[in-house]
Structures are given as structure tokens and as C-alpha cells.
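User: I would like to go through this model and test each label against its cut-off. Shall we start with the strands and turns?

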Amino acid sequence: MEVKVSELRIGNFVYCNEEIEIVEGINYTDRGRYNILLGNHLINLQYISPIPLTEDWFMSFGFKFHCGNWCKDGIEIGEHEEEEGETIFKLDISEWISFTSKPIRSAHHLQNLYIDLKGEE
């Protein structure tokens, strides 16, 4: 799976060379490419990959498993059917409104969703 630059924010966790890194900056080059600042290194976007969501990642972000959903600060995220062999997660607010969220597949998707809903990291 590839990372889209439009999905990245400073502070997102990503993989680079199988190591967990934190996005510290995003640079657009004059050749129409994006470089991502990880530590002291500018890395081309093509070498960045998402971190798949796991139970460990939910817990490290402070979510608790309750009644079949991962919950934190009023946000509930449920595990859903597998797509092409992969487990996906979706925001579960169907009790309140008719809403279908796009899949939450990676750590940076979860980070961005939380920031969007809560206004904080």
C-alpha cells in the first residue's frame, strides 16, 4: 500500500526501510516530486509506507477495546470485513447519523481522524 502525500501531516507515524519514523516536514521539489523529512533526512515519498493498524497501535494511541469497538474520548472505531485479505476499521457513528466513513487502514489515518474530530493530537 502506498502513502498519498495528501494524507500526511507533520507528526504522522510511517514506515521507511522497515523502521517506524515520524513525519517532520513535507517538501515539494521543482521536479514535481515530494520529499518527506524524517529526522535529519529527506526521503522521496515512494520510499514511505503506511503502518497497518493493529491492536498494539490502538492501545499505544490510548484507545480501549469495549463492546466490539476501539474507543477513546467518545470516538468509536469498529473492525469491519476484510478487503483483499486485510482487516479494515471504520468510524462507528451509525447510532447518531447515517454515515459511512472511508476505511481507516493505517496509523496515520487514525492519527488524522482523531485530530480532525478532536482538534488535538
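**Hairpins, sheet, burial and cores**

Analyst: Start with the hairpin of β2 and β3, which puts five residues between its strands. There G32 has a positive phi near 80 degrees. Keep in mind that the model is predicted.

User: Which glycine takes a positive phi in the hairpin of β3 and β4?

Analyst: G39, with phi near 65 degrees. That hairpin has two residues between the strands.

User: What makes β2 and β3 a pair?

Analyst: Pairing takes at least two bridges. Strand β2 (residues 19–28) and β3 have five, in the antiparallel sense, so they qualify as a pair. One of the bridges sets V23 against L38 in β3.

User: And how do you know that β3 and β4 pair?

Analyst: By the cut-off of at least two bridges again. Strand β3 (residues 34–38) and β4 share four, also antiparallel. I36 has I43 as its bridge partner in β4. L38 lies opposite H41 in β4.

User: What is the strand order in the sheet, and why are β4 and β5 at the edges?

Analyst: The order is β4-β3-β2-β1-β5, in an open sheet of five strands with antiparallel pairing. β4 (41–44) and β5 (48–49) each have a single partner strand, so one side of each lacks a neighbour in the sheet.

User: Is C67 buried or exposed?

Analyst: Exposed. Its relative accessibility is 69%, and the label needs over 50%.

User: And C16, buried or exposed?

Analyst: Buried. Its relative accessibility is 6%, and the limit is under 20%.

User: Why is N12 called buried?

Analyst: Its relative accessible area is 1%. N12 lies in the segment before β1 (13–16).

User: What makes the link between N12 and N112 a polar contact?

Analyst: Their side chains come to 3.0 Å. The cut-off is within 3.5 Å, so the pair counts. Beyond its neighbours within four places in sequence, N12 also touches other residues, including E7, E21, I22, V23 and H108.

User: Which residues touch the most other members in the largest nonpolar core?

Analyst: L53, F58, F63, I77, F89, I104 and L110, out of 16 residues. Two or more residues each come from α1 (55–60), β8 (75–83), β9 (86–91) and α2 (107–118). The largest share, four residues, is from α2.

User: What is L110 in contact with?

Analyst: L53, F58, F61, F63, I77 and I104, leaving aside its neighbours within four places in sequence. A second, separate core has eleven residues, among them V5, V14, C16 and I36.

User: What is the overall make-up of the chain?

Analyst: Two helices and nine strands. From the N terminus the elements run β-β-β-β-β-α-β-β-β-β-α. Of the 121 residues, 40% are buried. The chain exposes about 7,900 Å², with 47% of that supplied by carbon and sulfur atoms.

User: What share of the contacts is between residues 24 or more positions apart?

Analyst: 40%, taken over the contacts in the chain with a separation of 6 or more.

Note on methods. Residues are numbered from 1 along each chain as its sequence is written. This is a predicted model: local features need pLDDT of at least 70, side-chain atom pairs count only at pLDDT 80 or more; totals for chains, interfaces and linings use all residues. Side-chain values use heavy atoms; hydrogens and water are left out. Buried means under 20% relative accessible area, exposed over 50%, partly exposed in between (1.4 Å probe, protein chains only). A polar contact is a pair of N or O atoms within 3.5 Å; within protein, one must be able to donate a hydrogen and the other to accept it, and residues adjacent in sequence count only if both atoms are side-chain atoms. Contact means heavy atoms within 4.5 Å. A nonpolar core is a set of buried Ala, Val, Leu, Ile, Met, Phe, Trp, Tyr and Cys residues joined through side-chain atoms within 4.5 Å. Accessible areas come from the Shrake-Rupley method with a 1.4 Å probe; for residues, only the protein chains shown count as cover.
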